[in-house]
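User: Please take a close look at one part of this model and describe its surroundings in a connected way.

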Amino acid sequence: MIIEVIAHAIAPAGETVMSPYRPLALVAAIALLGGCATIPQPLQGTYSSVSTAAAQQGGAGGTHVRWGGEIIKTEPGPQQTCFYLLSRPLNDQARPKAGVEGESEGRFVACRNGFYDPEVFTRGRELTVTGTLHGIVSQKVGEFDYAYPRVEADVVYLWPKRVAPQRYGPGFYDPFWGPGFGRYYGPGFGGYGWGNPYWNQPRVIIVRPPHQHPPRGK
């Protein structure tokens with residue numbers, strides 16, 4: 001992506017002067033670049049769109065693919081390590097999608113020369129691989145013989161763990177805005193709002209019986 005920012009003006013005398021809009025233009029350009037999704041360099045390239053389900057049917061041998069998903073198990077062998085994965089669609093960064101968007105597309109196995117520690121490549125971690133389809137591997141899933149499409153991987157990319165977003169329940173107060181007059185999240189403000197958290201609460205009226213004076217002695 002190329003962004004050209006014209007941020008100067010010509011004065012009447014022909015001198016170049018700084019435009020007051022240049023700082024704003026630079027900030028906008030940086031924000032735009034920061035928002036662009038970038039595929040990590042090892043995963044860049046052109047690949048087939050064949051899915052794991054289609055590859056299970058055979059006939060896709062030699063196809064160059066970029067697949068990803070969650071690790072089910074990691075099995076080091078004498079010469080190479082094989083990763084059994086629950087396949088998920090990739091986002092625009094080539095990372096497996098999470099949540100509802102990351103609905104499983106089946107399973108596959110990717111093998112690469114060398115030792116990869118199962119204590120690092122643990123169950124549930126997200127992995128993207130590139131490589132060439134090379135047949136089918138049959139392995140038991142429970143009592144079922146599952147046909148795993150096999151990828152001879154040339155790149156194995158382990159993604160960092162996702163950071164779970166903080167979730168706040170009703171009545172959360174921002175501690176940096178002072179007691180009683182900060183932001184308030186919860187009922188009474190449409191889910192969030194500004195103001196005293198005790199506004200919009202039902203009034204409580206306490207009625208006490210009138211004070212009874214003891215009878216005077218006769």
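Analyst: Leaving aside neighbours within four places in sequence, Trp67 is in contact (heavy atoms within 4.5 Å) with Val50, Ser51, Thr52, Ala55, Leu90, Phe108, Leu127, Thr128, Val129, Leu133, Pro149 and Val151. This is a predicted model, in which local features need pLDDT of at least 70 and side-chain atom pairs count only at pLDDT 80 or more, while totals for chains, interfaces and linings use all residues. Residues are numbered from 1 along each chain as its sequence is written, and side-chain values use heavy atoms, with hydrogens and water left out.

Trp67, Leu127 and Leu133 have the most contacts inside the largest nonpolar core, which has 18 residues. Such a core is a set of buried Ala, Val, Leu, Ile, Met, Phe, Trp, Tyr and Cys residues joined through side-chain atoms within 4.5 Å; buried means under 20% relative accessible area, exposed over 50% and partly exposed in between, with a 1.4 Å probe and protein chains only. At least two residues of this core come from each of strands E3 (64-76), E4 (80-87), E5 (107-113), E6 (126-141) and E7 (144-158). Helices (H or I, at least four residues) and strands (E, at least two) are DSSP runs, numbered from the N terminus. A second, separate core of seven residues includes Ile72, Tyr84, Val109 and Tyr146.

Among the contacts of Trp67 is Thr52, found in helix H2 (residues 52-56). Thr52 counts as buried because its relative accessibility is 2%. Again leaving aside neighbours within four places in sequence, Thr52 is in contact with Trp67, Ser87, Glu105, Gly106, Arg107, Phe108 and Pro149.
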